[in-house]
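The account is meant for a reader who wants each term tied to its cut-off.

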Amino acid sequence: MKTKHLLSIAFIGFAFVSVNATTVIPPTFEQLVKQADFIFQGTVTDSRSVWEGEGGQRHIETYISFKVEDSVKGDAGSSFTIRMLGGTVGDETMEVTDAPKFKVGDRDILFVEHNFDQFVPLVGIGHGRFHVQRDERTGRDVIVNAEGEAVRDLTQLGRNEDAAATADVTEAISPDDLKSAVHKQLGDSVDRSAK
């Protein structure tokens, strides 16, 4: 029984390898904004993993709930839940490579696409999550990417990842800078389509 279960998980993991490889290419900032159904800033209020499916299709899914503080694109409401493949139930864990891990209290700006329809409903998997982190030295909130690096230049995302990030937190953009850039991108898109 245990072997059958492990084979099922191995098959699910194998099935997602090609999907993972094609969607992890770092998207540009323009692609992040365009592809997202919802963009919002929120705080994780709950994360729970459950078994779903039957037989060979049985797998773990995790539901992460956010208190929405600011809807930037789309109407995320006052709370929003995303569903991701993988998680831990009891002593069994199923992981998806490059999928972000959330914990209660995390503050993030998320670029969500196809929620409940794809295994990680973020544009570019981990690239669709920007963590909001307090810089202890300056006391200001800054944006951090999936690798934990402070983000300095959104125009370099998907083009030159080294130039997009910085080791100097004082050069990092704030959550308001990121949201303003999204609004500007959305406005520019509307202007281009009107011409």
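The report moves from the overall fold to the cores, then to the aromatic rings, and ends with the pocket and the cavity.

This is a predicted model, in which local features need pLDDT of at least 70 and side-chain atom pairs count only at pLDDT 80 or more, while totals for chains, interfaces and linings use all residues. Residues are numbered from 1 along each chain as its sequence is written, and side-chain values use heavy atoms, with hydrogens and water left out.

## Fold

The protein chain contains 4 helices and 10 strands, where helices (H or I, at least four residues) and strands (E, at least two) are DSSP runs numbered from the N terminus. Along the sequence, these elements follow the pattern α-α-β-β-β-β-β-β-β-β-β-α-β-α. Of the 195 residues, 42% count as buried; buried means under 20% relative accessible area, exposed means over 50%, and partly exposed lies in between, with a 1.4 Å probe and protein chains only. Among contacts in the chain with a separation of 6 or more, 59% come from residues 24 or more positions apart, a contact being heavy atoms within 4.5 Å.

## Nonpolar cores

In soluble globular proteins, nonpolar side chains tend to be buried together. A nonpolar core is here a set of buried Ala, Val, Leu, Ile, Met, Phe, Trp, Tyr and Cys residues joined through side-chain atoms within 4.5 Å. The largest such core has 21 residues, and those with the most contacts inside it are Phe40, Phe66, Ile82, Phe102, Leu110 and Val120. Strands E1, E2, E3 and E6 (107-112) are the elements that give two or more residues to this core. When residues up to four places away in sequence are not counted, Leu110 touches Phe38, Ile39, Phe40, Phe66, Ile82, Phe102, Leu122, Gly128 and Arg129. A second, separate core of 19 residues includes Phe29, Leu32, Ala36 and Val72.

Gly128, one of the residues touched by Leu110, is found in the loop between E6 and E7 and is buried, with a relative accessible area of 0%. Under the same exclusion of residues up to four places away, Gly128 touches Leu32, Ile109, Leu110, Phe111, Leu122 and Val123. The C-alpha atoms of Gly128 and Phe111 are 4.8 Å apart in space, although the two are 17 residues apart in sequence.

## Aromatic pairs

A pair of aromatic rings is described by the distance of the centres and the angle of the planes. Rings of Phe, Tyr and Trp (its six-membered ring) pair if their centres lie within 6.5 Å, and planes under 30 degrees apart count as stacked, over 60 as edge-to-face and the rest as tilted. A search of the whole structure finds 6 aromatic pairs, including the two tabulated here.

| Pair | Centre to centre | Angle between planes | Class |
|---|---|---|---|
| Tyr63 and Phe116 | 6.1 Å | 45° | tilted |
| Phe66 and Phe102 | 5.6 Å | 90° | edge-to-face |

Tyr63 lies in strand E2 and Phe116 in the loop between E6 and strand E7 (129-134), so this pair ties together parts that are 53 residues apart in sequence. Tyr63 is buried, at 13% relative accessible area, whereas Phe116 counts as partly exposed, at 37%. Phe66 lies in strand E2 and Phe102 in the loop between E5 and E6, so that pair ties together parts that are 36 residues apart in sequence. Both Phe66 and Phe102 are buried, and ring pairs link Phe38, Phe40, Phe66, Phe80 and Phe102 into a cluster.

## Pocket and cavity

On a 1 Å grid over the protein atoms alone, a cavity is a set of points where a 1.4 Å probe fits but cannot get out, and a pocket is an open set with protein on both sides within 12 Å along at least five of seven lines; lining residues have an atom within 4 Å of a point. Grid points are joined across faces, edges and corners, and a volume is the space filled by probe spheres set on the points.

The largest pocket holds about 250 Å³ of space. Of its 17 lining residues, the closest to the centre are Thr62, Gly86, Gly87, Pro100 and Lys101. Lys101 is placed in the loop between E5 and E6 and is exposed, with a relative accessible area of 56%.

The largest cavity has a volume of about 100 Å³, and of the 13 residues that line this cavity, the closest to its centre are His127, Phe130, Asn145, Leu157 and Glu161.
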